[in-house]
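Thank you all for coming; I would like to walk you through one structure this morning, taking a few residues at a time. Please have a look at the sequence and the model before I go on.

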Amino acid sequence: MHPARLFTGVAAAAMLVTTFGGGSPAGALTVAPVVEDGDLPFVAKVDFGEQNRGCTGALVATRWVVTAKSCFADGTGEVVAGVPSRPVNVVLGRTDLTTTTGHRRAVISLIPHPERNLVLAELSAPVNNIAPLGLDGGAPQEGESLRIAGYGRTGTEWVPDRLHAGTFTVGAVAAAGFAVTGSDGATICKGDAGGPAFREAPAGPQLIGINDTSWQKGCFGESETQIQDGATEARTDDLAGWIRSSTAVAPDALRQPVTGEFNRDGIQDLIAADAAGKLWLYPGTTSGTRWGTRTQIGTGWSGYREFVVGKINRDAYDDLVTVNTASGDLWMYPGTAAGIRFGARVQIGNGWSSDFRDLAIGKVNRDAYDDLVAVKSSSQELLLYKGNATGPTFDSSVVIGSGWACCKELTLGRYNNDDYDDLLTVHTATGTMRIYPGTAAGTQFAAGADVGAGSDWLNRSAMYPFTLGTETRTGLLAKESTGALVRYPVDNGKSLNWADPIRYGPGD
């Protein structure tokens, strides 16, 4: 026999053999003390579908709960990202389930971990008055004591009305999980699956793992002859980065961030893809110091690179242009009058292999149409693809510069005090920012010059123009090496200078 997965009301699936031995899905904490009213509000009761399948989870961000992936297995047992296969409800801040305290939320999407029995569940609305569990507690240590909480069975109750929590001792620790044994007879039972194992710390409780499997010794309905006890936890201590990037309501650890006016309110918004390939829209706000609530506007974007924005198809709406990494095709996703989501994509080029880098869109040659510039790595030439009256395709390339091994992160915008789009870039040898001013003649840029903005720009990537409100020149958005986005507003009284940067961190 092996330890079984811990959910309620369905047959337990056999666990893969691990260094921890065997067991069964976790349920309620038998013998463990009842949690006092109002204590451990971050522990969640999770109900899946209409099969009386119950699990436990924990709040890790204002609108995200972590729990066991096995709780959502349906049919084949595979849990995929996106909308759950059946309705799921979550209760938080309700120690006594017979009351109406706390919050009740629906689950609107899932992000399963690719390797561990762990899933992130997005709530239909944020829970702002409960502090999420901390994620920086460090690795579990053999012999230390952790608390584990759950809504599963006890030794005498099939479906308890109250949350229980007990003390458990950490046993063997492996790369993806660790063993635990309950103190004073505490056992993890069906219904406790996904419940948090946490360390009490001065900064608040820190999540270390979630209930994965258990032998369920002493649990109601289990064999009285069961000798083996203990359980296994799926480690979370080393997944803090994955959890934060997956649950961030502010732009954090995103790919290819670009700005444009997408939702038809006249304020520039942000679009970017995350590590799972989801495409997100973060609405701009009048303050410019925060983004609005994000909206998922697409999936399957892992295979695209070089996001750039411009009015390509000759209407009044911003379009998204990007390269399919596998095929090298150049695609346009047209903006629409309705906003937020794009129309059906249109192929506007091919042969855009990895030899082409640092795409940028702007008005270069002094006509009314947006042009595209890019560096061809094999020749280190700067190429101009002129926009035209018909759109959305560009004219054939024209070489407008050579020796561009010097620079990376090209972006076009009105960065100095004239009316021409300039080319801004990072000098790879010095780490300084350089500007190649646009000219009245167009096509060719003036000689490059250091803008005097420091020499640490190699730590930033995905630079993109960003203008807000009454700014008369183009500001800049950049991604730091930490994954956070930083906006550099224009100081309107000075040419080629930025005001104090504004950082958009997780939770903003």
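Predicted model: local features only at pLDDT ≥ 70, side-chain atom pairs only at ≥ 80, totals over all residues.

Let me begin with a question: does Ile400 count as buried or exposed? Ile400 counts as buried, because its relative accessibility is 7% and the cut-off for that word is under 20%.

Let me turn now to charged side chains. In general, side chains of opposite charge can pair when their charged atoms come close. In this model the count comes to 16 salt bridges, and I will go through some of them.

One of them joins Glu144 and Arg199, with 2.6 Å from N to O. This pair links distant parts of the chain, since Glu144 sits in the loop between strand 9 (119-123) and strand 10 (145-150), while Arg199 belongs to strand 14 (residues 196-199), 55 residues apart. Both Glu144 and Arg199 are buried.

Another salt bridge is formed by Asp47 with Lys45, where the closest N and O atoms are 2.7 Å apart. Here Asp47 is partly exposed, at a relative accessible area of 27%, whereas Lys45 counts as buried at 13% relative accessibility. Beyond pairs, there is also a network of salt bridges, in which Asp37, Asp96 and Arg162 are linked.

Next, which residue forms a salt bridge with Lys311? The partner is Asp318, and the closest N and O atoms of the two are 3.0 Å apart. Lys311 counts as partly exposed at 36% relative accessibility, while Asp318 is buried, with a relative accessible area of 11%.

Glu261 lies in the loop between strand 17 (255-260) and strand 18 (269-273), and at 19% relative accessibility it counts as buried, because the cut-off is under 20%. Finally, a polar atom of the Glu261 side chain lies 3.3 Å from the backbone nitrogen of Asn263.

Conventions
Residues numbered from 1 in each chain as written. Heavy atoms only, no water. Salt bridge = Lys/Arg side-chain N within 4 Å of Asp/Glu carboxyl O. Buried < 20%, exposed > 50% of the residue type's maximum accessible area, 1.4 Å probe, protein only. Helix = DSSP H or I, 4+ residues; strand = E, 2+ residues; numbered from the N terminus. Polar contact = N/O pair within 3.5 Å; in protein donor to acceptor, adjacent residues only side chain to side chain.
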